[in-house]
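Keep the structure in view as you read.

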Amino acid sequence: MRQEFDYEREREPNEAMSASSPQMFNVQIDGIWHQFPKGTRVIEACAQAGSYVPRYCYHKKLSSPGNCRMCLIEMGMPKMGPDRKPDLGADGKPVINWMVRPQISCAQDVAEGMGVRTNSPLVKECQRGVMEFLLINHPLDCPICDQAGECRLQEFSVEYGTAESRFLEHKVKKPKNVELGPRVTLDDERCILCSRCVRFCQEIAQDDVLGFVDRGSHTILTAHPGKRLENNYSLNTVDICPVGALTSTDFRFKMRVWFLKETKSICTSCATGCNTIIGTREDVIYRQTPRENDAVNSCWMCDYGRLNFDYVQSERRLLEPRIFHDGKLIPADWKTAITHAALQLKHFSGWEIAIIASGRMTNEELWLTAQLIRTLAVPWFDIVPRTGPDDDILLSEDRNPNTNGARLLGLATEPGAKIPAIIEAISSGQVKALLVLGENPVRFGVSIQQLSNLPAFIVMDILANEATEHATALLPSFAFAEKRGSMINGKGRLQRLNRAVRAPGQARDDWEILRDLSQALAATNGIYAIEDVFRQMSEAVPEFAGLSLSKIGDLGVQVIQVNESPAPPLERAANDIEKAESKKPPGRSP
Ligand code: SF4
Ligand code: SF4
Ligand code: FES
């Protein structure tokens, strides 16, 4: 935010400025005056002014030790006259008294009247010198380094370094291929000792596990004796390591990063909903990395969520719709499978049907499920709770990514509260048709015997399991990285999932399956795209009013205050449901 400089005016109290407005400082960067709020780091001020200063050890979310010296600049303060007022030059602006020595820009804040030079001959000479020092013992093994393509050492070497080294002695040999922990591999020769990984473990992961030993050129990074880098946030050290010293054991040597297609999405492994970038090539997911969102996950994500994508490429993926016919599950086309499932459901009254949805479903899918529940007048419905230990960092106890969406759209007030009653109703024979969406009923307590006795057991899921082989209609759907849609995280933030890969076989998008099922049951129409589903929701649900999938944006929108409990419309509707007439099912006999 470049502004005209008026030094005297800025020194006087600004009446228009409210008490809560931050104090603004005038700072000259590369000859142009700018204003920055008090507390802005000089390195950040330079970046905001369009003068990027290279850095290795500085990370905006960590403390600033100032140990790499890559961010050296020239700095000065206003020259003061005998009256303790700044001397003004012919242009009416303060004359800067430049310091003789270069200064680091990452460890100090802007001050009134400060002058900064980021591209003077002295600064360039410093940058060349620091790069030469950093590369003295570096193995220069870029062709086999996993960081190539996103390595700051490569990039800054080209931009700020020199093409030649004056170093003639033998390079220091350091440990290579060190297993720092189960998920992180270290190459000490590439480490530039910036200490980002050390500080991350201390300050963010709360696990003081890394440190430096030995002196001078022989200094190496290592884990403290008897410790391993195995905390649930260990892979963030790989993200922030500016060089190829720390690599992901899972990802290393699998794919050159410049081949990866990057898709912005969110993690669906817990209710936090960390923002991610999914790296893919030719419909294969190679890695997930965190995407900065200060309202959700800052710059980090946990290892558990980051590595939880192998199942998308599992051999157990359901690849084609199937129907139960002549005593076995046989492949069918989608039209036949949907018609078969709809016919089965039509033959029962609402009180004989149970629908188990999932807190992993998107809002759009849950909305269409809610329509199915209304259409069929089903009183037995719920989502399956999924919990695990939380930490005080990011990982949530709620391992469902969209429990709040399920609550808001009326699929569950207290997830899992109705499941014991549903199991009892299946067991007693009252429930004769079970529709399960993205969950394995055996895991929530329905026995294989009960499933195989059900006249209608319709499953929409992505993986084969012990329950799917007893289905009367099997509808293969999309995994999180194959679909678009929205979810509400544990703190009430509406966020977007984006499609990163195409689904295998004949699997279909969940919302399309649910729409087709609804249409086969109620002959409704008018939904052609997922945007139509969101539009329906935004017209009916006040929290979504005025929003669309595109308006959610990359960083999401706060739609619920955390402690606010959304109204459960289907809970109310269920109380009014009249028992419909029983009809004989077309599937197998009870
Ligand atoms: S391993 Fe990477 S992040 Fe850690 S000190 Fe070395 S260069 Fe820095
Ligand atoms: S904290 Fe939760 S949302 Fe974030 S990466 Fe881990 S599992 Fe995924
Ligand atoms: S970035 Fe400033 S000293 Fe390292």
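Helices (H or I, at least four residues) and strands (E, at least two) are DSSP runs, and they are numbered from the N terminus. The model is predicted.

**The largest pocket**

Helix H4 (152-160), helix H6 (235-240), strand E11 (246-248) and strand E14 (284-290) each give at least two residues to the lining of the largest pocket. That lining has 34 residues. His59, Arg152, Arg196, Asp239 and Ile240 lie nearest the centre of the largest pocket.

**The second largest pocket**

The lining of the second largest pocket has 35 residues. Closest to its centre are Arg360, Arg386, Gly438, Asp461 and Ile462.

| Pocket | Volume | Lining by class |
|---|---|---|
| Largest pocket | about 1100 Å³ | 14 nonpolar, 6 polar and 14 charged residues |
| Second largest pocket | about 800 Å³ | 16 nonpolar, 8 polar and 11 charged residues |

**A residue in a loop**

Now turn to Thr362. This residue sits in the loop between strand E17 (353-358) and helix H9 (363-376). Is Thr362 buried or exposed? Its relative accessible area is 0%. Buried means under 20%, so Thr362 counts as buried.

Which residues does Thr362 touch, leaving aside those up to four places away in sequence? The contacts are Asn402, Lys483, Arg484, Gly485, Ser486, Met487 and Leu497.

Terms used:
Residues are numbered from 1 along each chain as its sequence is written. Chains are lettered from A and ligands numbered from 1 in the order in which they are written. This is a predicted model: local features need pLDDT of at least 70, side-chain atom pairs count only at pLDDT 80 or more; totals for chains, interfaces and linings use all residues. Side-chain values use heavy atoms; hydrogens and water are left out. Buried means under 20% relative accessible area, exposed over 50%, partly exposed in between (1.4 Å probe, protein chains only). Contact means heavy atoms within 4.5 Å. On a 1 Å grid over the protein atoms alone, a cavity is a set of points where a 1.4 Å probe fits but cannot get out, and a pocket is an open set with protein on both sides within 12 Å along at least five of seven lines; lining residues have an atom within 4 Å of a point. Grid points are joined across faces, edges and corners, and a volume is the space filled by probe spheres set on the points. Ala, Val, Leu, Ile, Met, Phe, Trp, Tyr, Cys and Pro count as nonpolar, Asp, Glu, Lys and Arg as charged, and the others, Gly among them, as polar.
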